[in-house]
Amino acid sequence: MELLRNLWRRKLRTTLTVTGIVMGIFALTTMGALAEHFNMLLGGGVTYYSSSIQIGSDAGSGAVGSSFMSLSSLSSIKQIKGVVAAAPVVELAAKPGAVSAVSFGVADYIMNYDPTPFEHSAFKVTLASGRWPAATASNEVTLGSSIASEFKKHVGDTIDLPVRPSDAAADFVNHQFTVVGILNQTLTEPDSGAYIDRKSTRLN
């Protein structure tokens, strides 16, 4: 009881002490959660990117869609010792012209869907709903969790890709796709992807 009376007599000091303790616990919990989250991001990224080697033409500047290799190179790559599988990939910006002042993630992108990289990757990408684009389909897309959430899309909805920028040129071309699948969150690159069928890999 004497202890409680002393605390009550010094209300300001007691309030400051309790507030400091609460803030310390909150800060410690928050920093721990952030550290765990970043460890998951880094771990997932390392597993994802270490599962394959990306090969591009040396004629480009390194920008997405800046240059393309001939499909005839694919058979040569498959013959290299140690190569288990190889697949052609075409990647374009999903939001051309969009500029973000600060970004800690991968920008939204469009990529042709080929099951080969996913089947041989140590990093498993799974479907939350729906399916992948069919091999013989046209204008079908499976969205990563982030891009689906950003545009509020679900299986059965439609989305125009690439997204038309506000200052689009008169000759800007995009196409309407039907969303046939949504991916589970991976906390790495697939979350920002829009995977389209092979027939539709003709976007400008």
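Let's start with the whole chain. Of its 204 residues, 26% are buried. Keep in mind that this is a predicted model. The chain exposes about 13,500 Å². Carbon and sulfur atoms supply 60% of that area.

Now the secondary structure. There are five helices and seven strands. Going along the sequence, the order is α-α-α-β-β-α-β-β-α-β-β-β. What about contacts across the sequence? Take those between residues at least 6 apart. Of these, 66% join residues at least 24 apart.

Here is one place to look at that. Find glycine 130. It sits in strand 3, which covers residues 127-130. Which residues does glycine 130 touch, leaving out those up to four places away in sequence? They are Val155, Val180 and Gly181.

Next, the surface. Ile53, Ile55 and Met69 make a nonpolar patch of about 330 Å². Let's take one member, methionine 69. It belongs to the loop between helix 2, residues 11-49, and helix 3, residues 72-78. How does methionine 69 count in terms of accessibility? Its relative accessibility is 35%, so it counts as partly exposed.

On to the backbone. Two residues have positive phi without being glycine. One is lysine 152, with phi of about 55°. You will find lysine 152 in the loop between helix 5, residues 145-150, and strand 5. Is lysine 152 buried or exposed? Lysine 152 has a relative accessible area of 65%, so it is exposed.

The other is leucine 187. Its phi is positive too, about 65°. Leucine 187 lies in the loop that runs between strand 6 and strand 7, the latter being residues 193-196. Leucine 187 has 22% relative accessibility, so it counts as partly exposed.

One more backbone feature. Where is the cis peptide bond? It runs from leucine 161 to proline 162, and omega is near -10°. Proline 162 itself is in a loop. That loop lies between strand 5, residues 158-161, and strand 6, residues 175-183.

To recap the stops on this tour: glycine 130 in strand 3, the nonpolar patch that includes Met69, positive phi at lysine 152 and at leucine 187, and the cis bond into proline 162. Thanks, everyone.

Note on methods
Residues are numbered from 1 along each chain as its sequence is written. This is a predicted model: local features need pLDDT of at least 70, side-chain atom pairs count only at pLDDT 80 or more; totals for chains, interfaces and linings use all residues. Side-chain values use heavy atoms; hydrogens and water are left out. Patches are made of residues with over 30% relative accessible area and no salt bridge: like charges are joined within 9 Å, nonpolar side chains (Val, Leu, Ile, Met, Phe, Trp, Tyr) within 5 Å. Accessible areas come from the Shrake-Rupley method with a 1.4 Å probe; for residues, only the protein chains shown count as cover. A salt bridge is a side-chain nitrogen of Lys or Arg within 4 Å of a carboxyl oxygen of Asp or Glu. Helices (H or I, at least four residues) and strands (E, at least two) are DSSP runs, numbered from the N terminus. Buried means under 20% relative accessible area, exposed over 50%, partly exposed in between (1.4 Å probe, protein chains only). Contact means heavy atoms within 4.5 Å.
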